[in-house]
Amino acid sequence: NPYPNPVFLKRVNGKSLFIGSGILLFYGTLTFALNKTIPFDGGSYNTKNMLKAYASTFAPVLVLFFALRMPYTFRVGKNAISTILWILAIGLVLNFANTFHLFRQGYGGMSILADENADVGMFYIPLINATLGVFTMRVLAPTAVIFAFAFLCQPGWFRAQMLPLKVLAVSVLGLGVLGSVVSGGRAAVLLALVYAIIVALIYRRVILIFASMCLVFLVVLFANIFSKFINNDMPIFVARPLQYVMIEKGSSMRSIENSSDYRSTLFIEALKEWKDDSRVFLFGRSVYTAMDYTEVKKIVGDKESFLMVNINSGTCHALLPSVLIQYGIFGCLLYYSVYCMMFWFFLRSFQVAKRDGYSEELKIISFVLTLSTGLGIITATIGGSWFGAFHILMVILIKSIAARDEMEYYAALKAEEKDSTFPLDPGPSSIGTRPGFA
């Protein structure tokens, strides 16, 4: 813990987020005890599955709770932005390498767990028995776009940087856009472009707005000129996101239509189950023992097995029905309250940093997180999942940068007070450079 808790936390009302996360954790503990001691009679329970489900939901909340309460911080130098860009660049390169490796083996983007894809080789990470995420690029690439583009749009930032950092920022932006295209996610390309346009509008970058519009036009033009090649020869990962702007649709459009149909039906059926019983409506019913998708598919077919397996596990490919089934209306209200409090924390961080003279790093990062979290709540509701480690790490990073700024200010103030005891030394004054700290 290199820094103490900053005064900044009080100014952004971090206490409300701390209390909200504590209440949510308490509620989660109660519902776990309820479902463990008095299981709902709609299905069979398994403690291991329950623990995994609760960990997925509440582990980030627990870390957030302690991060706000304890003086836990990162040691932050003057290169936080370059560090973020390097992390994004390394993550993008690793995922591109993994995607290219899968493409060469004929992996087309369908479920990696299905029998027909069982022979596809995966890169395994030793010790933790994990693999590189097949769909990581769907989140990583748009995140890279918004961070890199926001840094580039910041007035005077690009001009003040050394050439290597300029190249790095532009490279991360380009890799993020390309990664969105090859991610296989229908919304990844759209989300990346929306991020870029919103950032350009906020910073009133007319040229960049025009460039973004031209980029959209070029993507549409490219997709339609080479539609035959894309539909017949390109991996389905690349073809899927481009189907919406193509006049001649390919076979991957059928997978999109099937996916949309499956997910919308799952959304509706999950809400029906949630409303059918008063206990599930109020407190949820956690998750049941996992089903074998392949075995169920042999009996009831593809769509029904998709619905049964996902409703059984409470994972509905959208945050709203997932949280309602697992934790009920009370859990839903508490979880969304904490999610919205996190958005408010980032927004207040940006406002306070701008008003009280904190570093440019803090202002830029807070702004990016405000935008991404606000849109993230909407996209997660209709097609996403729980907030995770990324948001928590960003809360700790903001807290760390604020603590560093305050310590530097107070150190400079102390040094100036010491110098003021020597009236013959009229050195430059630093008082007032950050009046909000006083």
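Which residues form one aromatic cluster? I found Phe32, Tyr54, Phe58, Tyr327, Tyr335, Tyr339, Trp386 and Phe387 in it.

**Basis.** I worked on a predicted model, in which local features need pLDDT of at least 70 and side-chain atom pairs count only at pLDDT 80 or more, while totals for chains, interfaces and linings use all residues. Residues are numbered from 1 along each chain as its sequence is written, and side-chain values use heavy atoms, with hydrogens and water left out.

**Overall.** I listed 18 helices and 2 strands in the protein chain; these are DSSP runs numbered from the N terminus, helices being H or I of at least four residues and strands E of at least two. Of its 438 residues, 46% count as buried, where buried means under 20% relative accessible area, exposed over 50%, and partly exposed in between (1.4 Å probe, protein chains only). For contacts (heavy atoms within 4.5 Å) between residues at least 6 apart in sequence, 75% join residues at least 24 apart.

**Aromatic pairs.** I paired rings of Phe, Tyr and Trp (its six-membered ring) if their centres lie within 6.5 Å, planes under 30 degrees apart counting as stacked, over 60 as edge-to-face and the rest as tilted. The count came to 22 aromatic pairs. I looked up tyrosine 45 and tyrosine 288, an edge-to-face pair at 5.4 Å centre to centre with 85° between the planes. Tyrosine 45 lies in the loop between H2 and helix H3 (47-69), and tyrosine 288 in the loop between helix H13 (278-283) and helix H14 (293-300), so the pair ties together parts that are 243 residues apart in sequence. Both tyrosine 45 and tyrosine 288 are buried. I then took tyrosine 409 and tyrosine 410, whose ring centres are 5.4 Å apart and whose planes stand at 65°, so this pair is also edge-to-face. Tyrosine 409 is buried at a relative accessible area of 7%, whereas tyrosine 410 is partly exposed at 38%.

**Lysine 363.** I located this residue in helix H17 (residues 360-383). Is lysine 363 buried or exposed? Lysine 363 counts as buried, because its relative accessibility is 17%. Leaving out residues up to four places away in sequence, lysine 363 touches Phe350, Ala353, Lys354 and Tyr358.

On a 1 Å grid over the protein atoms alone, I took a cavity as a set of points where a 1.4 Å probe fits but cannot get out, and a pocket as an open set with protein on both sides within 12 Å along at least five of seven lines; lining residues have an atom within 4 Å of a point. Grid points are joined across faces, edges and corners, and a volume is the space filled by probe spheres set on the points.

I found 1 cavity of 30 Å³ or more. Val12, Asn13, Ser16, Leu17, Met341, Trp344 and Phe345 line the largest cavity. Helix H2 (14-37) and helix H16 (319-356) each give two or more residues to this lining.

The second largest pocket holds about 550 Å³ of space. I counted 21 lining residues, with Ile87, Leu88, Phe390, Leu393 and Met394 nearest its centre. H4 gives the most to the lining, with 7 residues.
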